Amino acid sequence: LPVLEANLVLLRRYWPRNQNDAVATQTNVLNCLTALGRYDEVVDRRRDIYSEQLSKSGASHPHTIHSASNFANALLTVKRFSEARAILRDQLPLARALGVSKHADTFISVVGTMSIVTCADPETTAADVQEAATVLDDAVKIARRVFGPAHPLTQSIIGQIAELKRRAEGTLFCVPSSH
């Protein structure tokens, strides 16, 4: 972890235009923090990344929307469901407006995280489940058209729909699945 953090500092200082390497290193740092169980630090860093991306690129840029989804996912890890849901609700129309044919992965990232939050939150209401199910129905149609019916993302969405249906029937109190 200290070596990765030092590498990140050097990348930012001497090669500030090399964003790809900086993002990759930053992701590796976050993966290490997660593996070490330092989830609050992950949340703080994801928030910083999202804020930085928002100021650089604006709210409707695909990278900003992905950063918001990653931030919401970090909030999910520390069981801050209402904050995660609020972020995702803000991002959903932006992800949809990008054009789902060109940015289907961005839309599906937001929708998938929203589904996981809905499933994991013990205070989820029937309206929340219905909202997530409606959005997932849209997402599965898009995934089938863009990626094909056998693609892992398409299959993942189908699985999430099944989980939400079981949750709505009261037969499942989901444990967040990875997406």
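Reader: At what angle do the axes of helix α4 and helix α5 cross, and within what distance do they come?

Author: Two packed helices are described by the angle between their axes and by the distance separating those axes. In this predicted model, the axes of helix α4 (residues 62-77) and helix α5 (residues 81-97) cross at roughly 160 degrees and come within 8 Å. Because angles over 145 degrees count as roughly antiparallel, α4 is roughly antiparallel to α5. The crossing of the two helices is left-handed.

Reader: Which residues make the contact between α4 and α5?

Author: From α4, the contact involves Ile65, Ala68, Ser69, Phe71, Ala72, Leu75 and Leu76. From α5, the partners are Phe81, Glu83, Ala84, Ile87, Leu88, Gln91, Leu94 and Ala95.

Reader: How many salt bridges does a search of the whole structure find?

Author: Side chains of opposite charge can pair when their charged atoms come close. The search of the whole structure finds nine salt bridges. One of them joins the side chains of Glu52 and Lys56, at 3.3 Å from N to O. Both residues lie in helix α3 (residues 39-57), four residues apart, which is about one turn of the helix.

Reader: What pLDDT does the protein chain average, and where does pLDDT stay under 50?

Author: The protein chain averages a pLDDT of 84, and 91% of the residues score at least 70. Over residues 175-179, pLDDT stays under 50. For that stretch, the model has ten contacts beyond four places in sequence.

Notes
Residues numbered from 1 in each chain as written. Predicted model: local features only at pLDDT ≥ 70, side-chain atom pairs only at ≥ 80, totals over all residues. Heavy atoms only, no water. Axes fitted to C-alpha atoms, helices over the stretch in contact; angles between N-to-C directions. Parallel < 35°, antiparallel > 145°, perpendicular 65-115°, else oblique. Left-handed = near helix turned anticlockwise from the far one by under 90°. Contact = heavy atoms within 4.5 Å. pLDDT = per-residue confidence, 0-100. Salt bridge = Lys/Arg side-chain N within 4 Å of Asp/Glu carboxyl O.
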